[in-house]
Amino acid sequence: MSLTTPPRVSVIIPAYNAMPELTKCVTSVMEQTLGLDTIEIIAVDDGSTDGTGRELDRLARTCSRMRVVHQPNSGGAGGPRNTGLDMAGGDYVFFLDSDDYLGPDALRRMVAMADENRTDVVLGKMVSVGGRAVPTAVFSHNQPRTDVFSSAAYRTLGCWKLFRRSLIERLDLRFPPYRNCEDKPFTAAAFLNADGISVVADYDCYYSRNRQNGNNLTLTAADLVHRMDGTQLCFETVARYLDPGPRQDRIMRRHVEWELCGPLRALLPRESEQQARERFYPRFRHWAQTYVTDGVFQLLAPQDRLIVHLLCADRYEDLMTVARHAKEDAARGHIVDKGRVYWSHPFFREPVKAVPDVCFDVTDRIPVHHELAEVAWTGDGGVLRLAGHAHIESLGPLQAATRLILRPRGSRHPDIRVPVTVGTAPHHGDDAAAGFTVEVDLSTVDSGAPLGKGLWDLYLDVRAQGVSRTVRLRQARTDADGRRTAPPQRELATGSRPGHGPATARPFFTPHGNFSLDVRQTEAEPACHVTGIAWDTSAPTTLIVGGRLTAESAHHPEPTALRAEEDSGSVREVPLRYAPDDSRTFTARMPVGKLRPGRWTLTLRTDDPEHRIPLPVARGLSGTRWFRASRLGRPYYAKPLSGGPKGALVLRVAPIRLVAALRRRLG
């Protein structure tokens, strides 16, 4: 293999009796638009007996960037993946199963996403071939930088992802020698320690398929005996890297649902009585007692709460009864009592079983079906008319206590609740009992005052049989072009309260169809104009900002300081210096070289903490570089970014990565 160009990506392919799918798998890597000169292919033949080894050798003779290793069979995919990891030299590692294949532009897009956002793990959109199940929730949209707490990334723990190799080596990650669930602890550890996760959702990156001969490991090693050790390591991994608390509970919930309750329900009844009682039940019970905290328990669905309760109470016979009848019991109806809805399971309020009601409470999970069918202004004022239908599944007609809720986004202002008229059908043929209409006067809706500025999300508090469920008001229906049309922007009356100047309200639908309002003050002349932003030519780490007050400043607090605020909340301010011969002209000097690494948003501060003036993005403002003596002469840079809050200038301050900078210069 040629070593003249260090690889950006090491693609590791474990292969065992992988014919005929293997050929397409390997050639899909050779055809990547990223370019073979930046890829190394490490294929590990794990003791195949069907010609897999010969095919790998043949392919390697056609590609100088491919290496083949032949080793005795290890019994699973983890062993050959570890062999590949020990040989990998790329900046990134990608694990590709020999059953599957890549889209031509997959690696280029994933590497670009990782490079641009400095993330350690990248998920590429997965596609099902021949009906094999693939995750979908995480791939609803591109996510340049996210984490396991604000995305659905943790719901997919397969290792078919792009990993920064330095992360793997820092954690000393390798795959355990299990036939099933061997990749989950590996990916979990990477996720929980990653400096950012990216998602490429706008391109089909990874094609997942079942083998023609049906010998995928996920099918041939699906029994409990192959799952238990991997499951144990999943729980231990989460407990190792996350401190007890809500964050750990959110992640642990995934393993309780998918690795504990799901397999117990589906697989434990298939085992012999002796194996189930003596070998597997004690381990399931240990996991429930050790890892299901009160916080995790509250996050579980009733079917899983019941299993966990019976495990912790050491009620083996009842547990097996629940597991054996899980499918038929899941279809049972509901019981409504005192504003709560319960699963009508045979154990519910059965005195002999004595299971707490909380194990059956489905109030917060019962489906609510709803649709915003009409939204329009009425008359010439600020009255918005909304009509639609909603009902809580199986609970009958809407009650008059149903309310529209206007909830501010990012503000502590209390919710505004507006009565609706129920029993009206927006369209002929709709169920009138589920219909609602409401007219909202935005000029007086807030206890006689106009709706305040900012973004307002609209919800519906749906009431039926004394049960309350609050849902986001949304419109699922689109026109022939796949769009939703909101009413135009409209000016609101000033209102009776002081401080409420002219404003406009713009109704809009989010990409997911949720309905919101954007209320903004009518634009007036700003209190000041920024006349210049530039680096000091004699001190290149100092940013000089100049400006001038306008006539409008007489009605607003004057700016007194240039403020830099880092995303984590750190603040540095320097005073504005007004010219002695012109009290309306000011300058400020911000020592950017003293700011710690991070994203810093620049504004002009006034004496009113609620009134800050965004420093505009300066056209033509370049970045700057310097050396920090306190960091052994390490080079740093600052550069302007776009997209700050309200259009404000944002500076990224960070150390220069010398290896990456050299590679860019040579490239």
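**Strands, cores and local geometry of a predicted model**

Strand 33 (residues 650-655) is mostly covered, with 5 of its 6 residues buried. Buried here means under 20% relative accessible area, exposed means over 50%, and partly exposed lies in between (1.4 Å probe, protein chains only). Strands (E, at least two residues) and helices (H or I, at least four) are DSSP runs, numbered from the N terminus. The model is predicted: local features need pLDDT of at least 70, side-chain atom pairs count only at pLDDT 80 or more, and totals for chains, interfaces and linings use all residues. Residues are numbered from 1 along each chain as its sequence is written, and side-chain values use heavy atoms, with hydrogens and water left out.

Strand 33 has two antiparallel partners among the strands described here. Strand 29 (residues 598-606) is joined to strand 33 by 4 bridges. Glycine 598 has valine 653 as its bridge partner in strand 33. Strand 32 (residues 634-641) is joined to strand 33 by 6 bridges. There, tyrosine 636 is partnered by proline 655 of strand 33. Two strands count as paired if DSSP finds at least two bridges between them.

An open sheet is formed by 4 strands in the order 12-13-17-16, with antiparallel pairing. Its edges are strand 12 (368-378) and strand 16 (421-422), each of which pairs on one side only. Strand 13 (residues 383-392) runs antiparallel to strand 17 (residues 435-441), and 7 bridges join them. Leucine 386 has valine 438 as its bridge partner in strand 17.

Leucine 386 also belongs to the largest nonpolar core, which has 150 residues. A nonpolar core is a set of buried Ala, Val, Leu, Ile, Met, Phe, Trp, Tyr and Cys residues joined through side-chain atoms within 4.5 Å. Phe94, Phe284, Leu386, Leu404 and Leu406 have the most contacts inside this core. Apart from it lies another core, of 28 residues, among them Val545, Leu562, Leu615 and Val653. Val653 is the strand 33 residue that partners glycine 598. In soluble globular proteins, nonpolar side chains tend to be buried together.

Leu107 and Met110 are among the buried residues of helix 4.

Helix 4 (residues 106-117) has 12 residues. From first C-alpha to last it reaches 17 Å, close to the 16 Å expected at 1.5 Å a residue. The expected span is 1.5 Å times one less than the number of residues. Ala106, Leu107, Met110, Val111, Met113, Ala114 and Asn117 are its buried residues. Seen down the axis of helix 4, they fall within an arc of 155 degrees, so they line one face of the helix. The arc is that of the directions from the helix axis to the C-beta atoms. An α-helix has 3.6 residues a turn, so residues three or four places apart point the same way.

Backbone exceptions were also located. Most residues other than glycine have a negative phi, and most peptide bonds are trans. Arginine 118 is found in the loop between helix 4 and strand 6 (121-129). It is partly exposed, with a relative accessible area of 30%. Cysteine 181 also has a positive phi, near 65 degrees. It lies in the loop between helix 5 (165-171) and helix 6 (183-193). Cysteine 181 is buried, at 2% relative accessible area. A cis peptide bond joins methionine 19 and proline 20, with omega about 5 degrees. Proline 20 lies in the loop between strand 1 (9-15) and helix 1 (21-30).

A search of the whole structure finds 0 disulfides, a disulfide being a pair of cysteine sulfur atoms within 2.5 Å. The closest cysteine sulfur to that of cysteine 234 is in cysteine 181, at 6.2 Å, too far for a bond. Cysteine 234 is buried, at 0% relative accessibility. For cysteine 261, the closest cysteine sulfur is in cysteine 312, at 10 Å, again too far for a bond. Cysteine 261 is buried, at 0% relative accessibility.
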